[in-house]
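Take a look at the model below. Then follow the text through one chain and the place where its parts meet.

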Amino acid sequence: DSHLFPFDNLVCILLGISFTVWFTLLLVFIIVPAIFGVSFGIRRLYMKTLLKIFEWATLRIERGAKEKNHPLYKPYSNAIIAREPTSLEQEIKEIRRSGSNRDFDSASEFEMSDIFYFARRGVESIMDDEVTKRFSAEELESWNLLTRSNYNFHYISLRLTVLWGLGLLIRYGFLLPLRVTLAFTGVGLLVFLTSVIGLLPNGRMKNFLSEKVHLMCYRICVRALTAIITYHDSENKPKNGGICVANHTSPIDVIILASDGCYAMVGQIHGGLMGVIQRSMVKACPHIWFERSEVKDRHLVAKRLSDHVEDKSKLPILIFPEGTCINNTSVMMFKKGSFEIGATVYPVAIKYDPRFGDAFWNSSKFGMVNYLLRMMSSWAIVCSVWYLPPMSREEGEDAVQFANRVKAAIARQGGLVDLLWDGGLKRGKVKDTFKEEQQKLYSKMLVGTQEDRSRS
Amino acid sequence: MGSRASTLLREEEIEEIKKETGFSHSQITRLYSRFTSLDKGENGTLSREDFQRIPELAINPLGDRIINAFFPEGEDQVNFRGFMRTLAHFRPIEDNEKNKNATTSEPLNSRTNKLLFAFRLYDLDRDDKISRDELLQVLRMMVGVNISDEQLGSIADRTIQEADTNGDNSISFNEFIKVLEKVDVEQKMSIRFLH
């Protein structure tokens, strides 16, 4: 059995060499630039190449479908039915007028045809509604070689299948291990270094080092996702004593923003790995973590937040007022808590480019680990971040109106639909008050005309 | 392939639905995509809960009655065929269809069938008559707590008085059609597709 020995040796040497080469490449091309915040431009080149390949793939599929003479499944990004924005009152009056045997306008108090309004509106919402589609991933028009987003798979030619297979190999065989290594490095460094910095006495040195460490580790994580981010209007970046609010699509939002600036995070303390990270982060600089029981106490939450913003030496707070992840086609209701504190609000809009990988976290479908694996096996995460000019609550404006104003600004900048619906509808039922409003409106139509009648 | 359309509709099924409902190929595939996105249990059928999850439908005062229209007597699940059959009532009546051969059975979106859909919203026990009691119940759903029992009662009485021609104190389908003969049913009970 000694003749295995030289072979063994050779394998060991080869492994050692490849490991060293691998690690050096990693260090030079990824980690060092992350530390200094520079970029070689490799990711952008990668992105351009991918786009060309996707275009080609989509054309092939369209050709395949044409050859077989089948209409292609085209996903709808906009509405499928025409919905008129007429009010309840307007429409019921119209219905009554068309069937009226009488001469005077809407004089009847109730017509059996009134039900048409409710029937049609109801069936319209069954065919297409504004809310439920926001809680599932957006559908793409072109194919990006990911099985998970292909609806026309029986039009794939041999060439395309080979390309897809190659893509699979690259993504799972090369990109995924690389990214996982980076992720572990980034997170590990974060935990270790922040704990070390926590030993220092409070002061300017500690803050300076803490900022640098946070930025570096987040940048490594950005590369772990191959995130290609374009920041716009950086002159509006959030300052100390302010609150940064952004639309929420995924947990990655935090990494994207925190790799370009330093924030104080807000959230509930978790157990497990997340908890370890949270506890070590707070040693280096003051983040705001709540125990599970404290989260319900709105006064406590508000007090801690306002205490934090009053201390101008502390970093701006980062908050996602929607409270849940939305699929990045719309912005849903902002919870008013962060808008009641009276601090300057720095709105930020984040828009992902879905062609390279869908960043939306559908928490009812995928757990966190599953989600991260999907992210790391996509081609890339491409997004744009816009820093909007700071806003403050105006005279005579209450917290809800202020929140809506900020939401509208974010929606406009990001090209997202501005919705009044609560993101909590992802899991919960809609409040009865909305139905009661409709009933009240309709009742006015029945009772109102009775008053007119008694007058005439 | 884990995508939504892995349970794609077969071409034959699409053709059958086309014949039965009159929807076009692309409309059927779009509505199928909608159906599967509502089907949280991923078992090919929708339950009442699946419909109630649509916020805009949940706040509709007659939401429950409309949901009921999708489920045949005594059943709790509706499949895609049933779903499309009910939705077909709201297809607009195109001009060229009005002259189609009279030998085929009446299309689901005819004026009469649209009126039948509305009639069934009132007819709670499905006995083909709208009694005073049923009318009161539906009115109560539409107005909530904002109108008193007496007022609502007199509205119901007046409505039945005007519609009832054979004196049985309830509204039959024919009486219903007569009352609404001038109403623009075709337009008001139709939903237009953008494609």
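**Where two domains meet**

In this predicted model, one salt bridge crosses the interface of domain 1 of chain B and domain 2 of chain B. B:Arg126 forms a salt bridge with B:Glu73. Their closest N and O atoms are 3.5 Å apart. That lies inside the cut-off, because a salt bridge calls for a side-chain nitrogen of Lys or Arg within 4 Å of a carboxyl oxygen of Asp or Glu. Polar contacts are counted too: four residue pairs link domain 1 of chain B and domain 2 of chain B in this way, both residues at pLDDT 80 or more.

Now step back to the whole chain. The domain assignment places domain 1 of chain B at 12–89 and domain 2 of chain B at 107–194. Taken over C-alpha atoms, their centres are 23 Å apart. Domain 1 of chain B brings 18 residues to the contact, and domain 2 of chain B brings 15 residues.

How much area is buried between domain 1 of chain B and domain 2 of chain B? The figure is about 1,400 Å². Carbon and sulfur atoms give 65% of that area. On the side of domain 1 of chain B, B:Leu62, B:Arg65 and B:His89 supply 48% of the area it buries against domain 2 of chain B.

Terms used
Residues numbered from 1 in each chain as written. Chains lettered and ligands numbered in written order. Predicted model: local features only at pLDDT ≥ 70, side-chain atom pairs only at ≥ 80, totals over all residues. Heavy atoms only, no water. Domains from an automatic or database assignment. Contact = heavy atoms within 4.5 Å. Buried area = accessible area lost by both parts, 1.4 Å probe. Polar contact = N/O pair within 3.5 Å; in protein donor to acceptor, adjacent residues only side chain to side chain.
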